[in-house]
Amino acid sequence: MAEIEEEDFMYDYEESDDEEDEDEEGDFVSDGLLREDSVPSGSKLKAEWQTLSPDQLSKKMFEIVDDVNAVFQLPTPHVRILLTACKWDKEKLMERYYAGDQEALFREAHLIHPKKRNPNPVIVVRAQSTSTCGAAASSKQEYICDICMMSYSTDHMMGLECGHLFCRPCWNNYLTVMVMSQGRAQTLSCPATSCDIVVDEATVLELLTDGEVRKKYQYLITNSFVQDHPLLKWCPSPGCCNALLASNNVEHEPVSCSCGHSFCFKCSRDPHEPILCTYLSKWLKKCDDDSETSNWIHVNTKECPKCSATIEKNGGCNHMICCNNSCKAEFCWVCLGPWEPHGTSWYNCNRYNESDAKSARDAQMGSRAALERYLFYCNRYMNHLRSSKMEAKLYEMVHEKMKELQQLGMSWVEIQFMKKAVDVLCLCRQTLMYTYVFAYYLKKNNHMLIFEDNQSDLEIATELLSEYLEREITSVSLDQLKIQVQDKSKYCEARRKVLLEHVYEGYDQDFWDFTEL
Amino acid sequence: MAGLPKRILKETQRLLTDPVQGINATPDEQNARYFHVVVAGPKDSPFEGGTFKLELFLPEEYPMAPPKVRFMTKIYHPNIDKLGRICLDILKDKWSPALQIRTVLLSIQALLSAPNPDDPLANDVADAWKTNEHLAIQTGEESFLYMYFIFTSLLYFTRFCLLFNNFS
């Protein structure tokens, strides 16, 4: 019965999601008042996604684990560890489990292959088997715990399949430190020297007694599930605990969480159509280059060449290993190249490269022109950015106007066009803002001319719409105002759609040439 | 010594009663978590005959966190920098609470006899080591002349290290 209810719930959920999709055509809702209203957008490519609350998230995780386990018949925590090693790709895991080298798979997941497990039951005391093995282990042999150096009888010792035994208080202490101060959960390993066998969830939860630590551990496990799963993302809105599950590979479309926040699925920033995430990152970095913080970041950090996580070197040698669990890239701090060649053909990062220096000088000549170009686009971008920061004020003003209109005798339904117009205005401003970033990285070609025409059309229309919205209301021009605003907002919407479609067409057919600035 | 974990007491005791050959670790009189360490250059290494002073400190979190170890004596070694900081995995991410002061110092001693130039802290030294070692491998099979060359370069190496010792 419970299951049926749950299914009903899921079904309802998806249905409501679809409705939302139809309303909004998979596009984003601007943040502000009255967001339940629909905003049709220009994006043809429709992304499908689903918001998952923390409970649904762990349910989803166990669903996947159970799915796999229906075939594997292994202990659940082990399957979860195997899945993590395969980035939650069920098919990949199945393939590797049945067709590939099973031992290599288990080794990679830092588990001991079931067939190779230590047959001695005294030593294997995994959490789920404590009760059965406890009897076998009741011999009065004394063990010395390698951590606290005290001797205990075997009943007080715990160990994983690797056979390294430690006393329960030390286990608890070790796990607490690892979880609380190092934030490790997925990569928790046996405390023995150079043993990398992963401590599974059941064992950890059996050993940890403190509620806070258990909570943090469970949070870390869910977090690593979201981070490792390629189709899951946390909603970046402050205070929102939901995650979004995309049903297919979302490219550049923005998604929106049930909390109302919309963001780019790829980079978790605010929606930034039509520019791609990589170019936006470059742009934002460039814009920030003046600030002290970015100066510091520039001087003291580098980005991981594989996953672009920002890294500060706080000691040790030049051999860097990315701490990002799903990356683990090894590279050289000096040249950011892969570490491998450094080990064998010795070190050429410290040699000054004459040809590089020459090209650097040439680049300096061109930089003056580049700066002017940059300032041109930056000014326009900043202009729109400032306007979008005043969105809240604009909504307030329009709200006042709507009240005024209601006093002049128009009904609530009739004046909804106003808020719709503001939604459109904000959306267009946002898109326009990013078109300048797009244009900055674009090389001149015929399609760019078309793009620039689209851009200027949209810009003119948007400015006019903004002007209409700010006009004083006199009862004489009331009907005229309504018609003008509605016409303009329809036109803006259409122009935005045309512009975005043209850009996406370009991405599909590869007719945009980007400059590497 | 109030509040000192039993493990530290036991370790200290064992270090004093059953010392490791070539390693001498004595706790500071004022601070039981601070150790004065003297390591002898291992046999058959360029550091043979030298003695190296180190400091070792057990942080509050020990044994969950690794001890902090630093060479006080200047040393010409690819994995140890001018300030005496050591690039050794067990002192960083490969630390395990099952390791002890004893095992850490043994690993440091082993690092002296087998440097790891692929993971260098002092790049210039690693470079020099790499070329010398390369020659050493070559000469093993080839000629006596090369052998002589490698011998002199290693001798130079040792002298250099000893020279540093006398200074500090």
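These legends describe close-up views of a predicted model. Local features need pLDDT of at least 70 and side-chain atom pairs count only at pLDDT 80 or more, while totals for chains, interfaces and linings use all residues. Residues are numbered from 1 along each chain as its sequence is written, chains are lettered from A in the order in which they are written, and side-chain values use heavy atoms, without hydrogens and water.

**View 1. Helix H1 of chain B (residues 6-17).** Helices (H or I, at least four residues) and strands (E, at least two) are DSSP runs numbered from the N terminus. Arg7(B), Ile8(B), Glu11(B), Thr12(B) and Leu15(B) are the buried residues of H1(B); buried means under 20% relative accessible area, exposed over 50% and partly exposed in between (1.4 Å probe, protein chains only). They fall within an arc of 130° seen down the axis of H1(B), so they line one face of the helix; the arc is that of the directions from the helix axis to the C-beta atoms. Lys6(B), Gln13(B) and Thr17(B) are exposed on the face turned away from the buried side.

**View 2. Salt bridge between Glu201(A) and Arg80(A).** The closest N and O atoms are 2.7 Å apart; a salt bridge is a side-chain nitrogen of Lys or Arg within 4 Å of a carboxyl oxygen of Asp or Glu. The pair links helix H8 (residues 201-207) and helix H3 (residues 76-85) of chain A, 121 residues apart. Glu201(A) is buried at 11% relative accessible area, and Arg80(A) is buried at 2%.

**View 3. Salt bridge between Lys60(A) and Glu63(A).** The N to O distance is 3.8 Å. Both residues lie in helix H2 (residues 54-72) of chain A, three residues apart.

Conventions
Expected span 1.5 Å × (residues − 1).
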